Number of protein chains: 2
Amino acid sequence: MPNSKPDFKIPHATCIVFLMAVRMKDIAKDLGLSVVTISKVLRNHPDIAEATRERVLKRVRELDYQPNLMARSLVTGRSYLIGLVVPTVLHPFFAEVAMALSSVVTKRGYSLLLASSEEQPELEAREIQQLMARQLDALVIASCATDTAALEKLARNGSPYVLIDREIAGLAAHFVGVDDIEAGRIATEHLIEQGCKRIAHLRGRDTSTGNKRHDGYRLALHKHAIEYRESLVVSSPWVDIDGIRQGTEAIRKLLAADAVPDAVFAYNDPMAIGAMRAILDAGLRIPEDIALVGCGNLHYDGLLRVPLTSIDQHSAAIGERTAQILLQLIESKTPPQPASVILSPSLIVRASSQRKPTL
Amino acid sequence: MPNSKPDFKIPHATCIVFLMAVRMKDIAKDLGLSVVTISKVLRNHPDIAEATRERVLKRVRELDYQPNLMARSLVTGRSYLIGLVVPTVLHPFFAEVAMALSSVVTKRGYSLLLASSEEQPELEAREIQQLMARQLDALVIASCATDTAALEKLARNGSPYVLIDREIAGLAAHFVGVDDIEAGRIATEHLIEQGCKRIAHLRGRDTSTGNKRHDGYRLALHKHAIEYRESLVVSSPWVDIDGIRQGTEAIRKLLAADAVPDAVFAYNDPMAIGAMRAILDAGLRIPEDIALVGCGNLHYDGLLRVPLTSIDQHSAAIGERTAQILLQLIESKTPPQPASVILSPSLIVRASSQRKPTL
DNA sequence: AGTGTTTACTTTATCGATTTCTGTAACCTA
DNA sequence: TAGGTTACAGAAATCGATAAAGTAAACACT
């Protein structure tokens with residue numbers, strides 16, 4: 001017997017210190033009722049006399065009984081667990097999404113299982129496997145995967161899931177995120193409007209966000225008849241894990257290659273911050289010599305050495321919308337068709353890009 | 001039958017798409033073995049012939065079988081779940097602790113359940129309750145509670161737990177954090193050494209960290225025979241949730257009251273950042289008019305408008321040490337006596353406090 | 001009075017695993 | 001050859017709950 005416990009009768013209203021958790025069986029034995037009756041009381045089943053209900057609830061309070069949610073889940077098939085897989089919670093964007101998500105689902109009785117993929121597709125696949133084994137009700141994934149294998153397995157398994165931030169090509173799934181092409185376009189056009197001609201882009205990895213912001217960048221250049229130059233685009237690994245350093249190094253690379261730009265659009269704010277450091281360290285001025293735009297609109301952007309112009313991704317809204325979809329997926333009998341919620345990014349202009357006075 | 005499933009025989013090596021998860025029972029039926037045998041194979045029980053073992057493993061791979069961890073936990077009494085309760089993951093300190101903790105325990109097969117108390121003791125108590133019902137193997141708590149009720153219940157329940165960052169008076173528990181008195185002392189003495197005389201403190205809430213940093217502040221003043229003035233100490237609510245604004249308002253309050261300091265030690269970095277904004281907005285210079293020291297040493301501290309002197313709390317180390325203690329608590333038969341791991345904070349000097357040139 | 005309906009519980013089966021105990025050959029040993 | 005081991009597999013009980021079906025008593029109606 002792994003969890004043995006003597007089924008002795010607990011004296012009324014005295015003993016309050018327990019070593020093992022109280023079970024329904026204990027309460028039932030105490031009151032001379034069956035386990036099922038206790039269970040029904042706790043789930044507000046109508047089938048119970050008022051007097052009995054109160055007797056049970058009284059004892060439940062006395063013993064401070066907590067139902068074993070695992071046992072319950074095993075039989076109901078509902079775990080009230082939601083998994084969240086992100087590259088890292090160190091990046092404030094994901095932390096904010098996590099908070100917003102958590103605060104909505106917690107109110108409905110769900111708990112959040114957090115896993116981080118550290119931007120490694122294999123690790124992500126393992127984490128998803130591990131979470132699936134825990135019978136989650138649903139999963140939220142900001143995937144760093146490039147193939148659809150892990151997620152197709154999820155779908156086969158019948159586990160509902162929602163992608164956030166990053167879409168995956170060739171996968172019809174629920175998605176919540178911002179319009180990243182638009183984000184890239186707005187940022188770049190803003191720089192163009194400030195009179196910049198040689199606009200560099202510190203691009204993100206080969207994910208939908210990285211690619212689309214880059215696409216938006218090209219689109220804006222093209223629209224304004226500015227030549228796209230490979231030499232002004234820098235790729236870095238780990239942009240989400242270690243963005244600041246990646247940004248610094250990217251700028252050093254540009255400057256060393258004599259490919260000096262007059263503006264930089266960085267994939268995210270940490271990279272922009274790194275870029276800021278490298279630019280200032282090189283003795284250049286922001287925005288006079290190089291104008292700078294980031295993406296993410298972190299809380300402290302306005303308080304940086306040079307307040308940073310950035311694209312707001314509405315992280316809290318992403319978390320909330322995701323939570324809504326999740327609850328729908330879980331609670332409706334006929335799950336809705338895969339749908340995308342694409343939020344419009346907003347440009348927040350600060351000093352790092354402002355060459356012309358506002359009119 | 002809530003989770004009914006026909007026990008049909010799956011044709012070999014063809015059907016790969018499933019709607020319901022595969023169970024041991026399916027594999028057993030497939031191979032003409034008993035469930036127990038499958039279970040033994042999967043747990044490397046010696047009691048199995050090599051030929052059988054391979055037949056089972058082959059089928060397990062074919063069907064991509066994943067054991068139902070809930071069912072397993074129910075009988076073993078081990079869930080391989082660890083709960084983490086923090087005031088918020090928006091604060092980078094907690095995000096960093098969470099990441100470090102997660103990365104250690106994940107490698108050992110544990111998953112992390114995340115809950116945030118939003119700095120509200122009642123919410124914290126509810127979250128702890130909810131997590132306990134999930135039969136966690138252990139709990140990590142950065143508590144915002146002032147009384148010991150919720151945690152005593154935990155102890156009664158036999159759930160191992162570790163406090164981090166904030167201690168609770170009158171509770172003998174495992175604890176991992178920095179020496180906050182020392183943190184307050186170092187920060188304040190540094191300001192004194194820079195020649196500051198009227199040092200304000202934006203203090204944290206009535207938690208061990210808030211109180212101890214304040215104690216350290218008083219200690220340093222006393223040591224250097226500087227009078228402690230109530231008027232230079234500002235208390236704010238929600239210092240961890242909404243620190244930037246609290247910092248801004250605190251400074252405005254000081255300036256409005258004509259209690260203009262020549263230095264400010266802020267409870268944490270977000271508050272320091274808010275303070276920075278208010279000071280600069282008021283047309284004062286940092287550090288010439290007011291020197292500023294924060295606490296937390298966030299990644300971007302060096303890139304703020306005025307690079308911020310701060311106290312490093314070794315968040316990653318806290319996460320890792322906590323993980324070690326957790327694993328000990330869970331895996332050893334005779335849990336060790338409650339012990340505290342107190343790390344020494346380090347002062348990171350940057351421009352915001354540097355009035356005298358470094359020698 | 002006889003039959004149907006409620007009301008309030010209980011009994012039995014089940015969820016998907018693990019643990020402990022049994023059972024059966026085959027193989028040794030004296 | 002009898003008695004004892006060893007190797008391998010299965011049966012039954014269990015974990016702590018819920019679901020579905022069953023039952024006994026009280027009440028209702030014609």
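Biologist: Which residues is His91(A) in contact with, leaving aside its neighbours within four places in sequence?
Modeller: This is a predicted model, in which local features need pLDDT of at least 70 and side-chain atom pairs count only at pLDDT 80 or more, while totals for chains, interfaces and linings use all residues. Residues are numbered from 1 along each chain as its sequence is written, chains are lettered from A and ligands numbered from 1 in the order in which they are written, and side-chain values use heavy atoms, with hydrogens and water left out. Contact means heavy atoms within 4.5 Å. With those sequence neighbours set aside, His91(A) is in contact with Asp240(A), Asn268(A) and Pro270(A).

Biologist: Is His91(A) buried or exposed?
Modeller: His91(A) is placed in the loop between strand S1 (81-86) and H5 of chain A; helices (H or I, at least four residues) and strands (E, at least two) are DSSP runs, numbered from the N terminus. Buried means under 20% relative accessible area, exposed over 50% and partly exposed in between, with a 1.4 Å probe and protein chains only. The relative accessible area of His91(A) is 6%, so the residue counts as buried.

Biologist: Which side chain does a polar contact of 2.8 Å join to that of His214(B)?
Modeller: His214(B) lies in helix H9 (residues 208-223) of chain B and is buried, at 9% relative accessible area. Not counting residues up to four places away in sequence, His214(B) touches His201(B), Arg203(B), Tyr228(B) and Val233(B). A polar contact is a pair of N or O atoms within 3.5 Å; within protein, one must be able to donate a hydrogen and the other to accept it, and residues adjacent in sequence count only if both atoms are side-chain atoms. The 2.8 Å contact is with Tyr228(B).

Biologist: Which residue lies over the face of Tyr228(B)?
Modeller: A charge sits over a ring if NZ of Lys or CZ of Arg is within 6 Å of the ring centre and within 35 degrees of the ring normal. For Tyr228(B), at 3.9 Å from the ring centre, the residue is Arg218(B).

Biologist: Why is the pair of Phe93(A) and Phe94(A) classed as it is?
Modeller: Rings of Phe, Tyr and Trp (its six-membered ring) pair if their centres lie within 6.5 Å; planes under 30 degrees apart count as stacked, over 60 as edge-to-face and the rest as tilted. This rule gives 7 aromatic pairs over all chains. The ring centres of Phe93(A) and Phe94(A) are 5.1 Å apart and the planes stand at 70 degrees, so the pair is edge-to-face.

Biologist: About what area is buried between chain A and chain B?
Modeller: The contact takes 58 residues from chain A and 58 residues from chain B. Met70(A), Met99(A) and Leu303(A) supply 15% of the area that chain A buries against chain B, more than any other three residues. Buried area is the accessible area (1.4 Å probe) that two parts lose on being put together, summed over both. Carbon and sulfur atoms give 61% of the total, which is about 5200 Å².

Biologist: How many salt bridges are there between chain A and chain B?
Modeller: A salt bridge is a side-chain nitrogen of Lys or Arg within 4 Å of a carboxyl oxygen of Asp or Glu. Lys153(A) and Asp64(B) meet in one, at 3.4 Å from N to O. Between chain A and chain B the count of salt bridges is 2.
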